[in-house]
Amino acid sequence: AVDPIRRELRWQSLHRTPMERMPRNPNARPQMQIQFSPFQPPVAAFESSWHQSVLVAARDRVLIAPPDADVLLCLDARDGRVLWQQPRGEGLFLAGIAHDDSVLIVCPSEVHAVRLMDGQPAWSRAVAISPPLGRGVLMEGVLHLPQINGEVVSIEARTGRTLARRE
């Protein structure tokens with residue numbers, strides 16, 4: 001995070017997983033040894049990682065869906081501390097944050113929400129969908145999500161209630 005008044009870095013967060021160091025050849029000349037990066041690049045298949053890694057800020061929180069990690073992270077915007085994290089599961093992308101409270105997560109066959117404050121489920125159950133086609137739009141507390149079957153499903157973000165399914 002950058003302090004906009006002082007124009008200086010306030011904090012940074014490194015979320016990548018360290019990779020195992022490769023053994024070095026004891027017979028190699030020192031100048032010929034290669035320095036390996038301590039971090040593993042994303043090698044997972046596109047379907048097994050977050051499709052979009054965008055920082056989403058709301059209230060005093062910052063959400064990160066890193067493409068090289070199977071977690072959703074919630075950081076304190078003031079100091080970068082991890083406040084909560086949860087497994088990605090089948091999450092594809094964050095559709096947005098409704099009313100500064102519910103974090104909407106789109107998966108291949110469902111949409112579910114967690115509370116911004118603690119990462120706990122915000123809805124009693126997920127909303128079943130066909131695979132999404134695009135990212136949809138969150139407008140006035142309703143997520144309008146196009147699906148591969150040609151329908152657009154409209155979901156009330158606060159409750160998870162399906163308002164409409166239209167072709």
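Which residue forms a salt bridge with Arg 161? Select Arg 161 and look for Glu 156: the two form a salt bridge, with the closest N and O atoms 3.4 Å apart. This is a predicted model, so every value on this tour is computed from predicted coordinates.

**Stop 1: the salt bridges**

Stay on that pair for a moment. Arg 161 counts as partly exposed, at 49% relative accessibility. Glu 156 is partly exposed too, with a relative accessible area of 23%.

Next, select Asp 60, Arg 61, Asp 76, Arg 78, Asp 79 and Arg 81. Salt bridges that share partners join these residues into one network.

Zoom in on Arg 61 and Asp 60. Their side chains meet in a salt bridge, 3.2 Å from N to O. Arg 61 is buried, with a relative accessible area of 12%. Asp 60 is partly exposed, at 25%.

Now move to Arg 81 and Asp 76. In this salt bridge, the closest N and O atoms are 3.1 Å apart. Is Asp 76 buried or exposed? Asp 76 counts as buried, at 2% relative accessibility. Arg 81 is partly exposed, with a relative accessible area of 46%. Side chains of opposite charge can pair when their charged atoms come close. The count for the model comes to 9 salt bridges.

**Stop 2: the largest nonpolar core**

Select Leu 104, Val 106, Val 111, Trp 123, Ile 129, Leu 143 and Leu 145. The largest nonpolar core has 16 residues, and these seven touch the most other members. Which strand gives the largest share? The largest share, 3 residues, comes from E7.

Centre on Leu 145 and show what surrounds it. Setting aside neighbours within four places in sequence, Leu 145 is in contact with Phe 93, Val 106, Val 111, Ile 129 and Pro 132, among others. Also on its contact list are Gly 134, Arg 135, Gly 136, Glu 151, Val 152 and Val 153.

Then select Trp 50, Ala 58, Ala 65 and Ile 97. They are included in a second, separate core of 14 residues.

**Stop 3: the loops**

Find the loop between E9 and strand E10 (127–128), and pick Ser 124 in it. Ser 124 is exposed, with a relative accessible area of 79%. Ser 124 and Gly 160 are 36 residues apart in sequence, yet their C-alpha atoms are 8.0 Å apart in space.

Go on to Arg 59, in the loop between strand E3 (56–58) and strand E4 (61–64). Check the backbone: phi of Arg 59 is near 50°, a positive value in a residue other than glycine. Most residues other than glycine have a negative phi. Arg 59 counts as exposed, at 53% relative accessibility.

Finish at Glu 140. Where is Glu 140 placed? Look in the loop between strand E11 (137–139) and E12. Phi of Glu 140 is also near 50°, again a positive value in a residue other than glycine. Glu 140 is exposed, with a relative accessible area of 77%.

How values were computed:
Residues are numbered from 1 along each chain as its sequence is written. This is a predicted model: local features need pLDDT of at least 70, side-chain atom pairs count only at pLDDT 80 or more; totals for chains, interfaces and linings use all residues. Side-chain values use heavy atoms; hydrogens and water are left out. A nonpolar core is a set of buried Ala, Val, Leu, Ile, Met, Phe, Trp, Tyr and Cys residues joined through side-chain atoms within 4.5 Å. Buried means under 20% relative accessible area, exposed over 50%, partly exposed in between (1.4 Å probe, protein chains only). Helices (H or I, at least four residues) and strands (E, at least two) are DSSP runs, numbered from the N terminus. Contact means heavy atoms within 4.5 Å. A salt bridge is a side-chain nitrogen of Lys or Arg within 4 Å of a carboxyl oxygen of Asp or Glu.
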